[in-house]
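I opened a new notebook page for this structure.

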Amino acid sequence: MSPVSPSGVRVRAGGGAAALPRRSLLVVSAAALCVSVTAPAALAAPSPTTSPTATPPAQMSTLGGARLGMPGTQVNLAPGVPVLPKGLTARSWIVSDAESGQVLAAHNAHWRLPPASTLKMLFADTVLPRFPKDTRYKVAPADLKGVGDGSSVVGVKEGVTYSVRDLWLGVFLKSGNDAVHVLSAMNGGVQRTVEDMQKHAEELQALDTQVVSPDGYDAPEQVSSAYDLTLIARSGLQKKDFRDYCSTVSAKFGATEIRNTNRLLSGDSDVPVYQGIAGVKNGNTTHAGATFTGVAERGGKVLLVTVMNPEKHDHNEVYKETAKLFDWGFQADGKVNPVGELVPPRSAVPAGSTSAASPRQTPGTGGGAGAKAAASAPAASGSSGVGTALAIAGGLLVLLGGGAYLVNRRWPLPDLMRRRSRP
């Protein structure tokens, strides 16, 4: 049976009320919101979204807040807060303020799932600083061994010399596993790169993440979470080259023109370019389904949204659900009380701080005062429109040092964005 909120509305996974006419739903929901103003009520935790093949675990990591370890949708209902959009089918998603680190809403945020090529964000955040972009490298036959069958490739050829910049464009725009393997070879090999990525994930406190392959190709035990992918993207966006690559719409790769497969950035027949989009990375494999982490800016607000494995398999569904969550986030940011936070890297946390977790943190129980406030929001009739926009190319999320972060609990944005014409 669906859980019952203090207002008497039965809450279903994914939002909405069961078996109530529209007029009744609006009246009861309004009453519940009025109560929350005078005396915030403890709302029942929603039932998790289920499918024939998978159900989120009852207990997940509580890093970033107790409610983030609970199954189902977590959001704070209050007057003036827009309701979540209808039609969200992803097994896991998270909406957060990229600057403050506040998690505005989440759904199974710490569910450990196959990440597909969104794991390339961790690869880039780990390896990208190690080689100047004008470095040139001649590809050896051994460099391309181990690229999985059916992998996405950019067309790297053995015996050909490429610049590091070209290889990174191949990684970000075409999700080229061949480019990943060549850069891994430059880094000392695939195994060393995997170890480096795992170490960096732990530094970022991305503790749901287990790295097996550097490119995100399906592999047993290779997992991450919407929470972790957001932490990783936030770290990567501190780096100018990372920002430039992930916001590039099209580029030359040898004699070929390549175009970014992030459809919110490059557009498609059924997905317009999202207003203010600036990256980050998409993925799709047999076991992971479609995955995506995006960053966008509007009106001085910068949001990160991660969506993992929509159970609705319509064309470009992961981008459609991401756009709905961005729309909601820009309306809700500054109005909704957060349900958790994005924790800082270990190196930015003082010794003894509760923000630091031990490596391979075991899932928490989800108890405590925060857990009692868990709620699933009712769904809206749809998302607001998205329009064609300019690509955003740099100046995003500049980290001014651990000291500034610790004082302000923010990642400042002194030189927010520079816009450029789309190709």
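This is a predicted model: local features need pLDDT of at least 70, side-chain atom pairs count only at pLDDT 80 or more; totals for chains, interfaces and linings use all residues.

Residues are numbered from 1 along each chain as its sequence is written, and side-chain values use heavy atoms, without hydrogens and water.

**Entry 1: Phe292 and Tyr319**

I looked up Phe292 and found 0% relative accessibility, so Phe292 counts as buried. Tyr319 is buried too, at a relative accessible area of 7%.

**Entry 2: ring pairs**

I took the rule for rings of Phe, Tyr and Trp (its six-membered ring): they pair if their centres lie within 6.5 Å, and planes under 30 degrees apart count as stacked, over 60 as edge-to-face and the rest as tilted. I found eight aromatic pairs. Phe172 and Tyr245 are stacked, 5.9 Å centre to centre with 25° between the planes. Phe172 sits in helix H3 and Tyr245 in helix H7, 73 residues apart. Helices (H or I, at least four residues) and strands (E, at least two) are DSSP runs, numbered from the N terminus. Both Phe172 and Tyr245 are buried. The Phe292 and Tyr319 rings have centres 5.3 Å apart and planes at 65°, so this pair is edge-to-face.

**Entry 3: a cluster**

Which residues do ring pairs link into a cluster? I listed Phe123, Trp168, Phe172, Phe242 and Tyr245.

Notes: Buried means under 20% relative accessible area, exposed over 50%, partly exposed in between (1.4 Å probe, protein chains only).
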